[in-house]
Amino acid sequence: MDKVFCADIGTTSLKTAVIDSTGTVVAYSRKIFEKTEPHMEASVWLKAMKSAMDEIFSDRRELRIDAVCVSGNGPTIVGQDGETLLWNAPVDSGYARAFVSPSLFVPRIHAFSKTFSEAWSSGKKIFSGPEYLLYQLTGNSMTILPEERFRDAYWTGDSISEAGLGDCLSRLPDFVAPTALAGKITSGIADYLSHGENGVSEGLPVYCGAPDFVAALVGTGTLSAGKLCDRAGSSEGLNLCTAEKIEAPGIRTLPSIVPGLWNASILLPDTGIKFAEYKKRLEEYEGRSFTYDEAVHETVFNDGIEAIYDQGKYMMLEIAMKVRDGFGVLRNAVAGTSTVFPDEFTIAGGQAGNQEWVRMKCDVTRMKAKIPLCHDAELMGDAVFAFTGAGCYKNIVEASEKLCRFEGLLQGAFLE
């Protein structure tokens, strides 16, 4: 197998890339989701994939792909006809129960049953987010379980029963592992995607990715104790791979995809959103549009007296200090354990493409930053899953070590 079409379902867009067996991003496309009826967001995911393929293949008629892999956001719940309760969708407080279960999904399944009572009573299948797109591509139903220890974070018979959801386990597809063969592209989908000459044809293998945060950790090689990743997008997650399960205030610990290891994380819920709001205000003030890189550069290096630039610079410093403080919480949490806190971190997501912002973080945190060649690390994680599933590597760790590549280390002025 040589090339994989990788797709990651975000909250507002679909990111895609063709990645080859050397870990090189051969082509890339990001498609903003079309507006649709409320709670029908999943209904446009397949159309976005077609649009991305149209863009990627239109000028590359020689390009061939050998497989597809899909990851995406969660805990999103999708009905068989596209009814969608996104991971961040607010639910009526009357639906939000104080579950004893540690499940991330059961409370949202409960909310789905009330929000979409007609779909719920129909008895049709219920999917987690990316698995709905896999179902559309292959006609097969499944739920991707990152690792066996995640069962409680998904659902069990007991947690479903305690939530008063009745006998709905038969509607929740069976668990499969990342790298599993989800199935093959059906003839109808192949005709819809209309890229048979480029390998998007009936029978093309489709592999299971994982929830997006798991895919990003795989795609940055955050798979051994002491590896640290800052996944920065609309929100920001600070993730430290640990040898022991860490229990401390402000830290959410879930199993690593690697058996025996754990992922201790701190969520900064709106850092990217705040900068996007600032960028919009800056564009209104200046009367012109900015790319994100331009907005960062103008903000960092503007020495004028305009208050808006000072506000932006203060906001960026505030975000960097939140990252520093989060790293401090993680550092203190692993003190005295066998996990050694590192002196560098990997940054993935939109901020990874802006060296000026990354250097500011390096200055504030007093740490160095590794920049992956594939900034959208979820896509590289998908490539790891597909090549592993196809038998090119013996496991995810080996594939990640071979495919995940980096631009090098960045450091702040304090180290220069």
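Thr84 counts as buried because its relative accessibility is 0%, below the 20% cut-off for that class. The model is predicted. Thr84 belongs to strand β6, which covers residues 84-85.

**Surroundings of Thr84**
- A polar atom of the Thr84 side chain lies 2.7 Å from the backbone oxygen of Gly82.

**Nonpolar cores**
- In soluble globular proteins, nonpolar side chains tend to be buried together.
- The largest nonpolar core here contains 38 residues.
- Phe5, Met49, Val70 and Leu137 have the most contacts inside this core.
- Strands giving two or more residues to the core are β1 (3-9), β2 (13-20), β4 (67-72) and β11 (205-211).
- Helices that do so are α1 (45-58), α4 (129-138), α6 (187-193).
- Helix α1 supplies the largest share of this core, seven residues.
- Val70, leaving aside neighbours within four places in sequence, is in contact with residues including Ala7, Ile9, Met49, Pro130, Leu133, Leu134 and Leu137.
- Further contacts of Val70 include Tyr207, Cys208, Gly209, Ala210 and Asp382.

**Helix α9 against helix α10**
- Helix α9 (residues 292-301) packs against helix α10 (residues 307-334) at an angle of about 100°, and their axes are 8 Å apart.
- This angle makes α9 roughly perpendicular to α10, since angles from 65 to 115 degrees fall in that class.
- On the α9 side, the contact is made by Val296, Glu298, Thr299 and Val300.
- These meet Tyr309, Gly312, Lys313 and Met316 of α10.
- By class, the residues of the contact of α9 with α10 are four nonpolar, two polar and two charged.

**Helix α8 against helix α10**
- Helix α8 (residues 271-286) packs with α10 at about 170°, with axes 10 Å apart.
- Helix α8 is therefore roughly antiparallel to α10, as the class takes angles over 145 degrees.
- From α8, the residues in contact are Thr271, Lys274, Phe275, Tyr278, Arg281, Leu282, Tyr285 and Glu286.
- Their partners in α10 are Ile308, Tyr309, Gly312, Met315, Met316, Ile319 and Lys322.
- The contact of α8 with α10 has nine nonpolar, two polar and four charged residues.

Technical notes:
Residues numbered from 1 in each chain as written. Predicted model: local features only at pLDDT ≥ 70, side-chain atom pairs only at ≥ 80, totals over all residues. Heavy atoms only, no water. Helix = DSSP H or I, 4+ residues; strand = E, 2+ residues; numbered from the N terminus. Buried < 20%, exposed > 50% of the residue type's maximum accessible area, 1.4 Å probe, protein only. Polar contact = N/O pair within 3.5 Å; in protein donor to acceptor, adjacent residues only side chain to side chain. Axes fitted to C-alpha atoms, helices over the stretch in contact; angles between N-to-C directions. Parallel < 35°, antiparallel > 145°, perpendicular 65-115°, else oblique. Contact = heavy atoms within 4.5 Å. Nonpolar A, V, L, I, M, F, W, Y, C, P; charged D, E, K, R; others polar. Core = buried A, V, L, I, M, F, W, Y, C linked by side-chain atoms within 4.5 Å.
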